[in-house]
Amino acid sequence: MTEGTGVRPLQASSDVPLLPEDLSALQRVFDRLCDEHRWPRDSAPARRYARMLIEAYQAGTTNERHLLMAGRLFVSRSREARSFV
C-alpha cells in the first residue's frame, strides 16, 4: 500500500503488456471519469477506478465506451456499498 493512503500502488494484474495505444485509450477514459466526478487524478477513488480500468482492459474490454460505462457502474456500486455501511 502507498504509505499513509491505504491504497495499493497500481500494478497490472496480468502479464498482458500495455502498448502505448492501450495506455492512451486508458488515459482518455480515466480522465473523462475523473472530470465527471471532479476527482483529483491521485485521489483514492481515482486510483480504485484506474485499477479496475486496467483489469477490465486486460480482461478484454478494450472499447473506450464500454470501459467508461463499466467505470460509471463501478462508481455507482461503490457509492451504494458505502451508503449501506
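Reader: Does Arg-32 count as buried, exposed or partly exposed?
Author: Arg-32 counts as partly exposed, because its relative accessibility is 47%; buried means under 20% relative accessible area, exposed means over 50%, and partly exposed is what lies in between, with a 1.4 Å probe and protein chains only. Please keep in mind that this is a predicted model, in which local features need pLDDT of at least 70 and side-chain atom pairs count only at pLDDT 80 or more, while totals for chains, interfaces and linings use all residues. Residues are numbered from 1 along each chain as its sequence is written, and side-chain values use heavy atoms, with hydrogens and water left out.

Reader: And which residue forms a salt bridge with Arg-32?
Author: That is Glu-36, with the closest N and O atoms 3.5 Å apart, a salt bridge being a side-chain nitrogen of Lys or Arg within 4 Å of a carboxyl oxygen of Asp or Glu. Both residues lie in helix α1, four residues apart, which is about one turn of the helix. In general, an α-helix has 3.6 residues a turn, so residues three or four places apart point the same way.

Reader: What is the relative accessibility of Glu-36?
Author: It is 36%, so Glu-36 counts as partly exposed. The side chain of Glu-36 also meets that of Arg-72 in a salt bridge, at 2.4 Å from N to O. Because Glu-36 lies in helix α1 and Arg-72 in helix α3, this pair ties together parts that are 36 residues apart in sequence. Arg-72 is partly exposed too, with a relative accessible area of 34%.

Reader: How many salt bridges are there in the whole structure?
Author: A search finds five. Among them is the one between Arg-41 and Asp-35, whose closest N and O atoms are 2.7 Å apart, and Asp-31, Asp-35 and Arg-41 are linked in a network of salt bridges.

Reader: Changing topic, how many helices and strands does the protein have?
Author: There are three helices and zero strands, and the elements run α-α-α from the N terminus on. Helices (H or I, at least four residues) and strands (E, at least two) are DSSP runs, numbered from the N terminus.

Reader: What span should α1 have, and what do its ends show?
Author: The 18 residues of α1, residues 20–37, should span 26 Å at 1.5 Å a residue, and the end C-alpha atoms are 26 Å apart, which agrees; the expected span is 1.5 Å times one less than the number of residues. After the helix comes Arg-38, with a positive phi near 55 degrees.

Reader: Which residues of α1 are buried?
Author: They are Asp-22, Ala-25, Leu-26, Val-29, Phe-30, Leu-33 and Cys-34. Seen down the axis of α1, these buried residues fall within an arc of 160 degrees, so they line one face of the helix; the arc is that of the directions from the helix axis to the C-beta atoms. The face turned away from the buried side carries the exposed residues Pro-20, Glu-21 and Asp-35.

Reader: Which residues touch the most other members of the largest nonpolar core?
Author: Of its 17 residues, these are Phe-30, Trp-39, Tyr-49, Leu-53 and Leu-67, where a nonpolar core is a set of buried Ala, Val, Leu, Ile, Met, Phe, Trp, Tyr and Cys residues joined through side-chain atoms within 4.5 Å. The elements giving two or more residues to this core are α1, α2 (44–58) and α3 (64–83), and α2 gives the most, with eight residues.

Reader: What does Trp-39 touch?
Author: Leaving aside residues up to four places away in sequence, Trp-39 touches Leu-33, Cys-34, Pro-45, Ala-46, Tyr-49 and Val-75, contact meaning heavy atoms within 4.5 Å.

Reader: Back to α2, what follows that helix?
Author: α2 is followed by Gly-60, whose phi is positive, near 120 degrees.

Reader: Where is Arg-47 placed?
Author: Arg-47 is in helix α2 and counts as partly exposed, because its relative accessibility is 24%. Arg-47 and Phe-30 are 17 residues apart in sequence and 9.6 Å apart in space, C-alpha to C-alpha.
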